[in-house]
Amino acid sequence: MADDNRKLINLTIDGKPVQVPEGTSIWDAARRLGIDIPVLCHSPRMRPVGVCRMCVVDIGQRTMAASCVRPCEEGMKVEASSAKVDQHRKMLTSLLLSDYPEYSAREMSTSNDQLLALAKKYAIQDIPFADGATGMPRGTDMSSPVIAVDHQACILCDKCIRGCDELQHNDVITRTGKGYTARIAFDLNNPMGESTCVACGECMAVCPTGALTNKSVFAEMQVR
Amino acid sequence: MKAFFLNDIKAQDSGSATAVRPAKVKEVDSLCPYCGVGCALTFVVDEDKNRILYTRGRDGAPNAERLCVKGRYGFDYAMHEQRLTQPLIRKAGSYPKGPLSSAAKDSTGARKPGGRVDYNELMPHFREAGWDEALDLAASRLKQIRDTHGGGALAGFGSAKGSNEEAYLFQKLVRVVFGTNNVDHCTRLCHASSVAALLEGIGSGAVTNVVRDIENAEVAIVTGCNPTENHPVAATFMKDAATKGTKLIVINPRRPQIADFAEMYLRPKPGSDVALYNGMMHVMITENLIDRDFIAKRVEGFDALKKVVAEYTPDRVAKLTGLSAADIIRAGRLFGSAKAAMIFWGMGISQQTFGTDNARCLIALAMITGNVGRPGTGLHPLRGQNNVQGASDSGLIPMVYPDYQSVKDPRIQEKFEKYWGVKLSPQVGLTVTEIMHAALKGSVKGMYMMGENPFLSDPDINKVRKALSALEFLVVQDIFFTETAEFADVILPASSFMEKTGTYTNTDRRVQIGRPALQPPGEARQDWELICEISNRMGFPMKYDSVEQVFDEFAACTNEYKTLNYQNLGAFGKWYPCADPKTSQGEMIVFGDTFPSGKAKLVPAQVTEPDELPSNEYPYVLNTGRVLEHWHTGSMTRRSRALDTIEPEAFVEVHPLDAKVLGLSEGDWVKVKSRRGEITLKVRVHDRTIQGSVFIPMHFREAAANVLTNPAIDPIGKIPGFKFCAVGLTRLGSRP
C-alpha cells in the first residue's frame with residue numbers, strides 16, 4: 001500500500017540489477033526480475049513465515065537466507081540459482097521427503113503435489129528413510145466429508161494454518177505435539193469432521209503436499 | 001527402496017490402478033453459481049465424461065481466490081441423476097391439477113419424506129414429449145389465454161439465478177408478447193424493501209460501494225445479516241478489516257458468528273430495528289456528531305427527521321429494544337465519530353412488514369453523517385442470489401423496464417415501444433405475492449415459471465398450493481422436478497449454470513461472465529433459446545445469434561451497462577458504471593458528488609408493531625433464514641453429495657432457557673405450529689437464538705419453514721415479513 005514514500009533499495013539478483021522499495025523481500029524482488037525461486041510454505045496471498053527453507057538464497061553470508069522473509073538490503077548481491085544454492089535445495093527436498101507416503105493423494109488426484117514436483121526436478125526417485133512411513137505412524141483423518149488428512153505427507157509448512165486463521169478467519173487449524181509427533185490439529189485436537197471446521201476448503205487449496213486433499217475429487221475420479 | 005508414485009502419462013499407460021486422474025482435463029474460467037458475492041473460480045472438467053472434477057478459486061475482485069463450502073464442493077448438483085432431460089407433458093388422467101408428491105400434497109403437519117423428490121411418485125403423471133410438441137402446446141395455451149382474457153391474465157416469474165441475458169429476454173417476452181407487466185422474481189422476497197427505500201432516498205437501488213471497501217472504513221455496521229453463513233467469502237474480508245482495526249457494530253437478535261470479531265454486538269428484540277436506529281440518530285444529533293456540510297449540500301428532509309428522532313431518547317429506545325441506554329449511546333457515538341463508516345444489511349432488515357422503514361433509517365444514518373461516496377463509506381445491502389442485482393437491472397420487476405425506467409412514464413413507454421416495436425401496457429404489473437393472490441382469485445390464469453420454486457420460497461405454502469392448483473395453465477422451465485413443477489402442464493428441461501454462457505452482476509455491481517463447463521444432459525436446452533422459441537411460436541420473432549447479442553441489446557437500453565460488452569468484460573468483469581472500460585475497472589464507489597435523484601431524501605420512520613404478535617397459543621417469534629451449506633429451496637444443494645452430507649436435515653433452533661420451559665432437549669422431535677400450518681422437525685438447543693424466538697432454515701421440504709410464515713407484506717416494498725411470525729412448539733414423545 002505505502003509503496004510511494006518508501007526508500008528505494010538497489011541490489012542484484014543473479015547478476016541482474018533491481019530497484020525495490022525498502023522492506024521488499026528478496027523473493028518478491030526476484031519475481032520482478034522473472035526469477036522463480038521455489039517455495040512450499042509461501043504464497044503471495046499469505047504472511048511469509050520462512051519455515052520450509054526451500055527458497056534459500058546465497059547472500060554471501062555464513063548461512064543461506066530464506067528469501068521469502070529476508071528483506072532486500074542496499075548493495076546486496078543475491079545468488080538465487082547457483083549450483084551451491086541448488087545443492088542446498090536438493091538436500092532440503094530429501095529431508096522434507098523422508099517418511100513421505102508412497103502414494104500422495106494430491107499427486108494421484110489433482111497431480112499437483114509441489115514437493116513431488118521438486119523431487120522430480122532434483123531427480124530424487126526413492127523415498128529417503130522410507131521405513132519411517134511404514135504403517136503410517138503419523139496417522140490419517142478421514143472424518144471430514146470433503147477433506148482427507150494424511151499427516152504422513154505433512155511437512156508442517158503452516159500454510160493451512162494461515163489459510164484457516166488469516167485468510168478465512170475460521171481459526172480452526174493449529175499445531176499440536178513436539179518433535180517427531182508435531183502435527184497440525186483441529187480445534188483442541190478433534191477429528192476434523194467433528195471440529196468447528198466449516199469446510200471452506202482453503203487449507204486443502206493451499207496445501208502443497210498430499211496432507212490435505214479433496215475427498216470429493218478422489219471419489220469422483222474413482223467412481224468411474 | 002520404495003519409489004514415489006508420480007502421476008504422469010507413463011503411469012497411466014502402464015495401466016496402474018492408482019492413476020485416477022484423467023489424462024485429459026479442460027479448465028474453464030467461470031463463476032460460483034450460488035450467492036451474491038460472485039466468486040470467480042475455475043471448473044476443472046473431464047471433457048470425455050462430461051463431469052466437473054473440482055473447482056479452484058480465481059483471483060477475482062470479489063474473492064481473491066477464496067471460496068466457501070458451496071463454491072468449493074457444491075457444483076455436483078448439475079451432474080445429478082435427477083436432472084430433467086426431456087420435455088414433459090401432464091397426462092390427461094392427472095387432471096384436475098394439484099400437487100403430486102406426498103410431500104407437496106399433505107397440508108397437515110405430519111412428518112414428510114425428506115431429501116430429494118421421489119421421481120417415481122411424479123413421473124407416472126407426465127409423458128415425455130418432443131421439443132416441438134411441448135413448445136407448441138406451451139405457446140398455444142398461453143396465446144389462447146392472452147387472446148381470450150387479455151395480457152393481464154398471464155404472468156411470469158423469472159429468476160435471480162438466471163443470467164442478465166435470460167432476465168432481459170424473459171421480461172421482454174412478458175411485456176412484449178404476453179402484453180402485461182406481470183413479471184417479477186425472487187428479489188421481491190429478499191431486498192424489495194431495501195430497493196424501494198434506496199430508489200426513494202437516493203434514486204438508485206444498487207450498492208454505493210463494494211464489500212472490500214470495508215478495509216478503508218473506521219466503523220462498519222453489520223446488521224440483519226449473517227455473512228459468515230450467507231456471504232461467507234465477503235465475511236472473510238469483513239474479518240480481515242476487523243483484525244486490522246475496523247470496528248464492527250454487529251446487530252442481530254440471532255447472534256451471527258461475525259459478532260466474535262465485533263467491537264459491539266447488539267441484540268435488539270426482533271422487530272425493534274426502527275427504534276434502535278432512531279435512537280442512534282437521536283444520540284448523534286443531540287451530541288452534534290453529524291456532518292452539517294453534507295446535510296446542507298446533499299440532503300433534504302433533515303428537519304422532519306430530526307423532529308421524529310427527537311422522540312427516541314436512549315431511555316425510551318432501551319425499553320423498545322431491550323438494549324441498555326448506555327449501549328445505544330455508545331453505538332451512536334461510535335458511528336457518529338467515525339471518519340469513514342459503512343453499513344451492510346441483509347434480510348433481517350428487509351424481510352419485515354416494515355422493511356422499507358428499516359432501510360430508510362439506515363439510509364438516514366449514512367446521510368446525516370455524510371457517510372457515502374468516499375472510500376470506506378457507503379450503503380451495502382448484501383445481495384443474496386448470484387444475480388439479484390442483474391435480474392433487477394434487467395427489468396424483471398413489474399414497475400420498471402430495464403435499468404429501473406418506470407413503466408408509468410409515458411415517454412419511457414414510448415421509448416421502449418420504439419425499441420421493441422410493439423405497443424406496451426401502461427399498467428404497473430403485479431408482484432410475486434400479488435400474482436399468487438391473483439391466481440387464487442382466478443384473475444391470473446396462465447404462468448410461465450423460469451427457474452423459480454415458489455412452492456417452497458413463498459410465505460404461507462398452503463395458500464401457494466391452492467393458488468398453483470387454480471392456474472389454468474402453467475409452464476415450468478427448470479433443471480429438476482421442483483415442488484412447483486408438480487402443478488405444471490408442461491415442463492421444459494433447462495440448462496444449469498455450468499452449461500451456459502451469460503453475465504451475472506454481483507452484490508458489488510460487478511458484471512462478470514459465466515462460461516460453460518458441461519454439456520446439458522439429454523435433450524435439455526439453453527434457457528434463452530427456450531424463451532425465444534416460446535416468443536416465436538406466439539407470433540413475435542426473437543432471433544439472436546448468440547448470448548452476446550442479447551447482452552448488447554440489453555446494454556444499449558440502459559445507462560449503467562451501455563459501455564460494457566463481452567470483449568471488455570473479459571475474464572474478470574467490470575464494475576458498473578464504467579465510463580471507459582479500456583482503461584478502468586469501473587466504479588468501486590459511487591455518488592461522490594451527487595445522487596441520481598439529486599439530493600438525498602430523508603424519510604423518517606416511526607416504530608410500528610409487527611403484523612402478528614405472539615399470543616398464549618403462539619408464544620414464540622419465528623425467525624427464518626439459511627444455513628451455510630444449503631441454498632434456498634434446496635433443489636441444488638440437497639443434490640450435492642458434500643453439502644447434503646454435512647447438513648442433512650431440518651431443525652428448529654431453541655434458546656436453552658426456552659427449551660427448559662418446554663421440556664425440550666437436543667434431538668427431540670417437536671411440532672411447530674403457526675396460524676397457517678404446522679411442521680414437524682428436530683430440536684437444536686443453542687443460545688445463538690434470542691430467548692423467546694426460534695429459528696428454522698427455509699431449505700427443507702420435509703419441514704418447510706414457509707408453511708408457517710405470514711404472507712403479510714410491507715406496504716411499499718411488497719416483501720413478506722419472513723423474519724417475524726408467531727408460533728407455538730409442542731414436544732413429541734417419539735420419532736414421528
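This is a predicted model: local features need pLDDT of at least 70, side-chain atom pairs count only at pLDDT 80 or more; totals for chains, interfaces and linings use all residues.

In β26(B), which residue is the bridge partner of B:K673?

Reply: That would be B:E678. Residues are numbered from 1 along each chain as its sequence is written, and chains are lettered from A and ligands numbered from 1 in the order in which they are written.

Back to your pair. B:K673 belongs to β25 (residues 669–673) of chain B, which runs antiparallel to β26 (residues 678–685) of chain B and is joined to it by 5 bridges. (Strands count as paired if DSSP finds at least two bridges between them; strands are DSSP E runs of at least two residues and helices are H or I runs of at least four, numbered from the N terminus.) A hairpin links β25(B) to β26(B) through 4 residues. β26(B) also pairs with β24 (residues 651–654) of chain B, this time in parallel and over 4 bridges. There, B:K682 in β26(B) sits opposite B:F651.

Elsewhere in chain B you'll find an open sheet of 5 strands with parallel pairing, in the order β10-β9-β8-β12-β13. Its edge strands, β10 (264–266) and β13 (378–381) of chain B, each pair on one side only. On average, neighbouring strands of this sheet are turned by 15 degrees against each other, direction ignored. (Axes are lines fitted to C-alpha atoms, for helices over the stretch in contact, and angles between N-to-C directions run from 0 to 180 degrees.) β12 (residues 341–345) of chain B runs parallel to β13(B), with 4 bridges between the two, and B:F344 faces B:H380 across them.

Two helices that pack on this sheet are worth a look. α14 (residues 325–337) of chain B touches β8 (219–223), β9 (247–251), β10 and β12 of chain B, and its direction makes about 130 degrees with that of β10(B). α16 (residues 355–368) of chain B touches β12 and β13 of chain B, at about 170 degrees to the direction of β12(B). (Contact here takes C-beta atoms, placed from the backbone, within 7 Å of each other.)

α16(B) and β13(B) turn up again around α7 (residues 192–202) of chain B: the buried residues of α7(B) pack against them, and against α15 (347–350), α17 (388–393) and β22 (600–601) of chain B. Of the 11 residues in α7(B), 9 are buried, so the helix is largely enclosed by the rest of the structure. (Buried means 20 or more other C-beta atoms within 10 Å of a residue's own, exposed means 12 or fewer, and partly exposed is in between; the C-beta atoms are placed from the backbone.) Among the buried ones are B:V195, B:L198 and B:I202.

Now zoom out to the whole of chain B. It has 26 helices and 28 strands, and 59% of its 736 residues are buried. The C-alpha trace spans about 80 × 70 × 65 Å along its principal axes.

Finally, the neighbour. The contact between the chains takes 33 residues from chain A and 32 residues from chain B. On the chain A side, α3 (105–109), α4 (114–121), α6 (202–206) and α7 (215–223) of chain A are the elements giving two or more residues, and α7(A) has the largest share, with 5 residues. By class, that side of chain A has 15 nonpolar, 10 polar and 8 charged residues. (Ala, Val, Leu, Ile, Met, Phe, Trp, Tyr, Cys and Pro count as nonpolar, Asp, Glu, Lys and Arg as charged, and the others, Gly among them, as polar.)
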